[in-house]
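Subject: Structure handover

Hello,

Here is the structure I said I would pass on. Please have it open while you read the notes under it.

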Amino acid sequence: VLLSARRVGPSGKAYGLDMTEEMLELARRNAAEAGTTNVEFLAGRIEAIPLPDASVSTSSSPTASSTSRSTSRR
Ligand SMILES: C[S@@+](CC[C@H](N)C(=O)[O-])C[C@H]1O[C@@H](n2cnc3c(N)ncnc32)[C@H](O)[C@@H]1O
């Protein structure tokens, strides 16, 4: 997420999504330590991403999308 935030630059925004509070806390702490301001971490599941349709241009996932039953059919 932090690499994506750097790639889109200050006029863009990167979202991180995770279903566990522990990972969200770690991610928010890492972003703060890195001084990254164009990032937002959302609580939720990849099967129901809490963002409006067509509101992001690119998505990536190291594991969750490949282990999710609903997204592996897409
Ligand atoms: C292998 S960890 C990767 C964590 C982090 N990206 C890192 O590099 O340390 C996978 C993460 O995906 C999250 N996850 C797994 N299935 C998910 C789902 N269906 N929806 C949202 N998050 C999910 C888990 O909570 C976990 O934090």
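The model is predicted: local features need pLDDT of at least 70, side-chain atom pairs count only at pLDDT 80 or more, and totals for chains, interfaces and linings use all residues. Residues are numbered from 1 along each chain as its sequence is written, and side-chain values use heavy atoms, with hydrogens and water left out.

Overall layout

The protein has four helices and two strands, in the order α-β-α-β-α-α along the sequence. Helices (H or I, at least four residues) and strands (E, at least two) are DSSP runs, numbered from the N terminus. Of its 74 residues, 20% are buried; buried means under 20% relative accessible area, exposed over 50%, and partly exposed in between, with a 1.4 Å probe and protein chains only. Among contacts (heavy atoms within 4.5 Å) between residues at least 6 apart in sequence, 57% join residues at least 24 apart.

The core and α2

The largest nonpolar core consists of seven residues, namely A5, A14, L24, A27, A31, V39 and F41. Such a core is a set of buried Ala, Val, Leu, Ile, Met, Phe, Trp, Tyr and Cys residues joined through side-chain atoms within 4.5 Å. Both α2 (21–34) and β2 (39–43) supply at least two residues of this core, and the largest share, three residues, comes from α2.

Helix α2 has 14 residues and spans 20 Å from its first C-alpha to its last, close to the 20 Å expected at 1.5 Å a residue. That expected span is 1.5 Å times one less than the number of residues. The buried residues of α2 are L24, A27 and A31. They lie on the same side of α2 because they cover an arc of only 65 degrees around the axis, the arc being that of the directions from the helix axis to the C-beta atoms. These buried residues pack against α1 (2–8), β1 (14–18) and β2. L24, leaving aside neighbours within four places in sequence, is in contact with D18, F41, L42 and A43. The face of α2 turned away from the buried side carries the exposed residues E22, A32 and E33. Just after α2, G35 has a positive phi of about 75 degrees.

Two loop residues

N38 sits in the loop between α2 and β2. N38 is buried, with a relative accessible area of 12%. Not counting residues up to four places away in sequence, N38 touches A5, V8, G9, P10, G12, K13 and A14. The N38 side chain also reaches the backbone oxygen of G9 at 2.8 Å.

A54 is in the loop between β2 and α3 (64–67). A54 is exposed, with a relative accessible area of 83%. Its phi is positive, about 60 degrees, although A54 is not a glycine.

The ligand

Which residues are the closest to the ligand? They are D18, R45, I46, E47 and T63, from the 10 residues that surround it; a residue counts as near if one of its heavy atoms lies within 4 Å. A ligand oxygen atom is 2.7 Å from an N or O atom in the side chain of D18. A ligand nitrogen atom is 3.2 Å from an N or O atom in the side chain of E47, and a ligand nitrogen atom is 3.4 Å from a polar backbone atom of M19.

Regards

Key
A polar contact is a pair of N or O atoms within 3.5 Å; within protein, one must be able to donate a hydrogen and the other to accept it, and residues adjacent in sequence count only if both atoms are side-chain atoms.
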